[in-house]
Amino acid sequence: MRRAFLSLLIIGTVSVVAVGATRSFFSDTEQILGNQITTATLDVYLDDRDETPYFGLAFPVELAPGLSTEWTTPNGLDKDQRFEIHLEDGSMTPDHYELLFSTSDFVSGVPGDSTQEDYTKMIEVTKLYAHRVSNSNVWTYQGLMGQIVDHDGDPAFVSLYDLERTIIDNILVGEAYTSIGFELTMSETAGNEFQGDSLNVNMTVGAAQVAGQAVLSLP
């Protein structure tokens, strides 16, 4: 009797499973197609306007004690060195620009008389500013000198040495473009050891998507 009872229980269990396996449920599927995602682009270009003698960067420049990189146009106007930041083909407008100056290719007029560091400490940054230019040609001034951090130990003399160790941040973005202007002046205390020295001054611009974003970094 015991064996027979167990056999009946097993048969009953199998029967329940078999009944459950024969059931079915309705189902349906739908799709929404063609929802493309595209990554936006952030693209700028720099314009030094070297095609015109009336505006832009006018280099090379010869400095001497007390003289600056300011230059004179053919019609007698004194101009700061200046270049423009334009939006290129990107689909996004940046929140702000960043600017980094650097120097390279130093050559000593008399080898051993001076170093690149000595030379950049003798060149003062006398002007650094930006203009945000609207599509209706309204210019909004922004001073940038206050961002330069003292690195040469002389807070009263803002040097090219200081400038190339500082990232200039939060530069205004213009609807039409942003104009950057600057002037460098050789210290009146510069001695004969700097005669014949030369170097290149380079500018790098970064465009940041959001406030607080850091794009450029110091070398």
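**Exercise 1. Determine how the residues lining the largest pocket of this predicted model divide into nonpolar, polar and charged.**

Solution. Sorting the lining by residue class gives 16 nonpolar residues, 7 polar residues and 2 charged residues. The pocket that they line has a volume of about 500 Å³. Its lining comprises 25 residues, and those closest to the centre of the pocket are Val61, Leu63, Tyr119, Asp197 and Ser198.

**Exercise 2. Identify which strand supplies the largest share of the lining of the largest pocket.**

Solution. The strands that contribute are considered first. Strand β9, residues 177-186, supplies at least two residues of the lining, and so does β10, residues 198-208. The share of each element is then compared: β10 provides the largest, with 5 residues.

**Exercise 3. Describe the open sheet to which β10 belongs, and explain why one side of β10 has no neighbour there.**

Solution. The open sheet has 3 strands, arranged as β8-β5-β10, and their pairing is antiparallel.

**Exercise 4. State how many bridges join β5 and β8, and find the partner of Tyr97 in β8.**

Solution. Strand β5 spans residues 96-107 and pairs with β8 over 2 bridges in the antiparallel sense. For Tyr97, the bridge partner in β8 is Ile171. In general, the strands of a sheet pair through backbone hydrogen bonds, in either a parallel or an antiparallel manner.

Conventions. Residues numbered from 1 in each chain as written. Predicted model: local features only at pLDDT ≥ 70, side-chain atom pairs only at ≥ 80, totals over all residues. Heavy atoms only, no water. 1 Å grid on protein atoms, 1.4 Å probe; cavity = no way out; pocket = protein on both sides within 12 Å on 5 of 7 lines; lining within 4 Å. Points joined across faces, edges and corners; volume = space filled by probe spheres on them. Helix = DSSP H or I, 4+ residues; strand = E, 2+ residues; numbered from the N terminus. Nonpolar A, V, L, I, M, F, W, Y, C, P; charged D, E, K, R; others polar. Pairing = 2+ DSSP bridges.
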